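Me: Hey, I've never looked at this one before. Can you walk me through it if I paste it here?

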Amino acid sequence: MPDSGLRPAVFLDRDGTLNEEIGYVNHPSRFHVFPWAGEAVRELNRAGYATVVITNQSGIARGYFDERLVELLHAKLRADIEGGGGEIAGIYYCPHHPDGKVEAYKRDCDCRKPGSGLIRRAAADLHLDLRHSFMVGDRFIDVETARRAGMPAVFVLSGYGLGEYEYHRHSWPHQPWRIAQDVLEAAHAIVEHGAEAHSAGVGAHPASAEAKKS
Ligand SMILES: [Mg+2]
Ligand SMILES: [Zn+2]
């Protein structure tokens, strides 16, 4: 474990990773957290990881729902995770889209995944150690987000995962560190083998891998 005083983190995608993927969640009644999500977060917390949710919510820019609804969903997400014994350190979302209909959110931002803006913001707010962190998600953009942030990715087969994996993985320009059935299996992989991934430099940028050796 790092001695920098910074906490390592596991960045978790939301839809399809922590809750059922149903497309745009435009009402709380459609938001269903996976029953194993709380246990997954609890196991990561026990192993010393802060858990941070990072999610693209372009439905805000598209005018499908507003930030108040997203905040309601996030209160439910936190409550369900806490019910399973886990604690979420932060939830960060990108409300933007370059083709959005709502003028206030129509923009080419750096926080929409696979951009690393949300991860950098969380790292500054929560004093996170990105060099010992991970990203978990059900879409290739989550793998790409991890690559840009210089960390290993666990790809989960829940949500869009199985379809993306079966039909598209051959065209992925880079592969995730691990494949897991769901976020609970991803948590186990990180807790049991995460240290190996970082000591092998998986996902690290060439520059930081060099720095590590010296
Ligand atoms: Mg997802
Ligand atoms: Zn954004």
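Me: What kind of unit do β4, helix α4 and β5 make?

Reply: A right-handed β-α-β unit, with α4 covering residues 140-149. Bear in mind that this is a predicted model.

Me: And how do β4 and β5 pair?

Reply: In the parallel sense, over 3 bridges. Strand β4 is residues 134-137, and its G137 stands opposite F155 in β5.

Me: Which way do the residues of β5 point?

Reply: A153 and F155 go one way, while V154 and V156 go the other. In a regular strand, side chains alternate between the two faces of the sheet. In β5, residues 153-156, all of them are buried.

Me: Switching to α2. What length should it have, and what does it have?

Reply: Helix α2 runs over residues 67-83, which is 17 residues, so at 1.5 Å a residue it should span 24 Å. The C-alpha atoms at its ends are 24 Å apart, and that agrees.

Me: Which of its residues are buried?

Reply: L73, L77, D80 and I81. Looking down the axis of α2, the buried residues fall within an arc of 95°, so they line one face of the helix.

Me: What do they pack against, and what's on the side turned away?

Reply: The buried residues pack against α1 (37-46) and β3 (88-94). The face turned away carries exposed residues E67, R68, E71, A75, A79 and G83. After α2 comes G85, with a positive phi near 90°.

Me: What sort of unit is α2 part of?

Reply: With β2 and β3, α2 makes a right-handed β-α-β unit. Those two strands pair in the parallel sense over 6 bridges, and V52 has G90 in β3 as its bridge partner.

Me: OK, α1 then. Which residues are buried there?

Reply: A37, G38, A40, V41 and L44. They cover an arc of only 160° around the axis, which puts them on the same side of α1.

Me: What covers them?

Reply: The cover includes β1 (9-12), β2 (50-56), α2, β3 and α6. Just after α1, G48 has a positive phi of about 100°.

Me: You mentioned α6. I clicked on A197, is it buried or exposed?

Reply: A197 is in helix α6, residues 183-199. A197 counts as buried because 21 other C-beta atoms lie within 10 Å, and the cut-off for buried is 20 or more.

Me: What is A197 in contact with?

Reply: Setting aside neighbours within four places in sequence, A197 is in contact with P152, W177 and V202. A197 and H132 are 65 residues apart in sequence, with 9.3 Å between their C-alpha atoms.

Me: Last thing. What's the mean pLDDT, and where does pLDDT stay under 50?

Reply: The mean pLDDT of the protein chain is 94, and 94% of its residues reach 70 or more. Residues 209-214 are where pLDDT stays under 50. For that stretch the model has 3 contacts beyond four places in sequence. Where pLDDT is low, the predicted coordinates should not be read in detail.

Technical notes: Residues numbered from 1 in each chain as written. Chains lettered and ligands numbered in written order. Predicted model: local features only at pLDDT ≥ 70, side-chain atom pairs only at ≥ 80, totals over all residues. Buried ≥ 20, exposed ≤ 12 C-beta atoms within 10 Å, placed from the backbone. Helix = DSSP H or I, 4+ residues; strand = E, 2+ residues; numbered from the N terminus. Pairing = 2+ DSSP bridges. Right-handed = clockwise from strand over helix to strand, strands pointing away. Expected span 1.5 Å × (residues − 1). Arc of directions from axis to C-beta. Contact = placed C-beta atoms within 7 Å. pLDDT = per-residue confidence, 0-100.
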